[in-house]
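Q: Let's go through this model piece by piece, starting with a loop.

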Amino acid sequence: AIKTHPFDVSVVLMAFEAIGGLSIADHRLRAAALSAGVLRLVSASTRKFPMEAPLHEAALVILGTLALDDATVAQMLKRWAAAQRVLTYLKRHQENVGVVVRIFYVLENMAAQQLRLLYQTCKVGVVERVIKAARAHFGDPDATFHAVRCLRNLSVHGGYAKCIGRAHGLELLARTMDRYIEDLEICQDALAVVRNCLTKRYNISFFLDAQVLFSVMPVLNEHPGDPMAVEHGCGLMRNLIAEGLEWAELVERHQGLDHCLAALLNHQESPNTLEAALGALANIAECGPQMAISIGYASGLMTSAVEAMSRYPEHPGVQYQAIALLANLAAESDLRTEVKALANLEQLLRDASAMDR
């Protein structure tokens with residue numbers, strides 16, 4: 001139909017909508033669409049009708065579903081310069097929230113499937129334009145959800161994580177958590193982006209300037225029972241505390257330690273949450289005698305660490321962080337006796353050592 005009526009925008013639009021609907025259903029249909037040259041048709045048709053927002057939105061649905069498969073994304077990026085084309089659509093239709101949401105969806109899927117290749121082919125402009133569009137449509141929950149999800153997937157790459165800090169993305173994320181504090185999925189993703197960004201020391205100053213902790217703690221208060229939100233909250237505190245004593249004191253002033261202790265006590269069913277909480281507490285205990293003692297006598301801390309080791313003997317992260325925490329506590333003479341008296345600790349340490357070998 002498109003080849004027969006290439007200049008009839010209504011025909012092309014209906015064909016795109018049909019292809020988009022079919023390609024969502026099954027990876028084999030997506031492969032068939034790719035083999036049939038759908039990318040070439042999308043490229044030609046969007047060039048013919050550069051300002052037809054509904055057509056571009058339908059084209060982006062096709063691209064977003066094709067981007068669910070890593071091999072397809074590789075072809076899109078290498079042979080079709082898909083990221084640059086999508087950013088062109090974003091610049092052209094930045095006021096159209098429907099198109100913007102679809103663009104975020106395409107980019108988040110590309111980043112999820114082929115992040116390293118995406119960075120190699122499109123280092124500049126992705127983060128900056130996503131953040132600009134997210135600001136423009138800040139009041140739209142759907143746009144905000146996909147913008148933050150896109151940034152979450154991009155922030156796994158250190159280069160993009162730096163770009164987020166430089167483009168004042170942490171400030172946007174703080175505002176997002178404030179505005180959408182009751183939206184669990186948005187908050188989960190926002191915390192994950194901040195956590196990833198704090199793996200880069202470069203972003204610490206941006207984090208402080210944006211006063212992000214003032215937004216993080218209310219989210220953890222709002223969603224204390226969600227293991228993923230708590231995991232990312234503890235994870236970002238772990239990364240911040242790793243920078244040294246002044247950052248540990250900052251977290252303590254914001255009641256961050258209470259959240260880490262609560263996570264250790266209340267989320268024994270989630271090994272990833274335990275790993276993040278144990279890591280934050282291990283880093284706290286490494287910051288000197290005063291900090292170690294301040295958490296060492298917390299009710300249930302040591303026994304919860306041992307219980308986590310016992311419950312997840314095959315989880316390297318839980319084992320490593322629990323041992324690091326107990327070792328840092330035992331380094332203080334006031335706590336050494338309590339650590340040595342922990343039931344089953346010697347056997348757990350032998351088991352962990354055997355797993356490492």
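Q: Where is Ala81 found?
A: Ala81 sits in the loop between helix H5 (70–80) and H6. Helices here are DSSP runs of H or I with at least four residues, strands are runs of E with at least two, and both are numbered from the N terminus.

Q: Before more of that, how should I read the numbers?
A: Residues are numbered from 1 along each chain as its sequence is written, and this is a predicted model, where local features need pLDDT of at least 70, side-chain atom pairs count only at pLDDT 80 or more, and totals for chains, interfaces and linings use all residues. Side-chain values use heavy atoms, with hydrogens and water left out.

Q: New topic: the whole chain. How many helices and strands?
A: The chain has 23 helices and zero strands. Its C-alpha trace spans about 85 × 40 × 30 Å along the principal axes.

Q: What share of the residues is buried?
A: Of the 357 residues in the chain, 55% are buried.

Q: And the contacts between residues at least 6 apart in sequence, what percentage join residues at least 24 apart?
A: 75% of those contacts in the chain do. Contact means heavy atoms within 4.5 Å.

Q: Now helix packing. At what angle do H4 and H7 pack?
A: Helix H4 (residues 53–66) and helix H7 (residues 97–121) pack at about 20 degrees, and their axes are 9 Å apart. That makes H4 roughly parallel to H7. Under 35 degrees is roughly parallel, over 145 roughly antiparallel, 65 to 115 roughly perpendicular, and the rest oblique. Axes are lines fitted to C-alpha atoms, for helices over the stretch in contact, with angles from 0 to 180 degrees between N-to-C directions.

Q: Which residues meet there?
A: On the H4 side, Ala53, Glu57, Leu60, Val61, Leu63, Gly64 and Thr65. On the H7 side, Gly98, Val99, Arg102, Ile103, Tyr105, Val106 and Asn109.

Q: How do H6 and H7 run, parallel or antiparallel?
A: H6 and H7 are roughly antiparallel to each other. The axes of helix H6 (residues 82–92) and H7 come within 10 Å and cross at roughly 150 degrees. The contact includes Val86, Leu87 and Leu90 of H6, with Ile103, Val106 and Leu107 among the residues of H7.

Q: What about H18 and H21, how far apart are their axes?
A: 8 Å, for helix H18 (residues 271–285) packing against helix H21 (residues 316–330) at an angle of about 25 degrees. H18 is thus roughly parallel to H21. Residues in the contact include Leu274, Leu278 and Ala282 of H18, and Val318, Ala322 and Leu325 of H21.

Q: Switching to rings. How many aromatic pairs are there?
A: Three in the structure. One of them joins Phe138 and Tyr180, with ring centres 6.0 Å apart and planes at 70 degrees, so that pair is edge-to-face. Rings of Phe, Tyr and Trp (its six-membered ring) pair with centres within 6.5 Å; planes under 30 degrees apart are stacked, over 60 edge-to-face, and the rest tilted.

Q: Where do Phe138 and Tyr180 lie?
A: Phe138 lies in the loop between helix H8 (126–136) and helix H9 (141–154), and Tyr180 in the loop between helix H11 (169–179) and helix H12 (184–197), so the pair ties together parts 42 residues apart in sequence.

Q: Buried or exposed?
A: Phe138 and Tyr180 are both buried.

Q: What about Tyr202 and Phe206?
A: Their ring centres are 5.5 Å apart and the planes are at 55 degrees, so the Tyr202 and Phe206 pair is tilted. Tyr202 is partly exposed, at 36% relative accessibility.

Q: Last one: where is Val124?
A: Val124 is in the loop between H7 and H8, and at 71% relative accessibility Val124 counts as exposed. The C-alpha atoms of Val124 and Leu173 are separated by 20 Å, with the two residues 49 residues apart along the chain.

Methods. Buried < 20%, exposed > 50% of the residue type's maximum accessible area, 1.4 Å probe, protein only.
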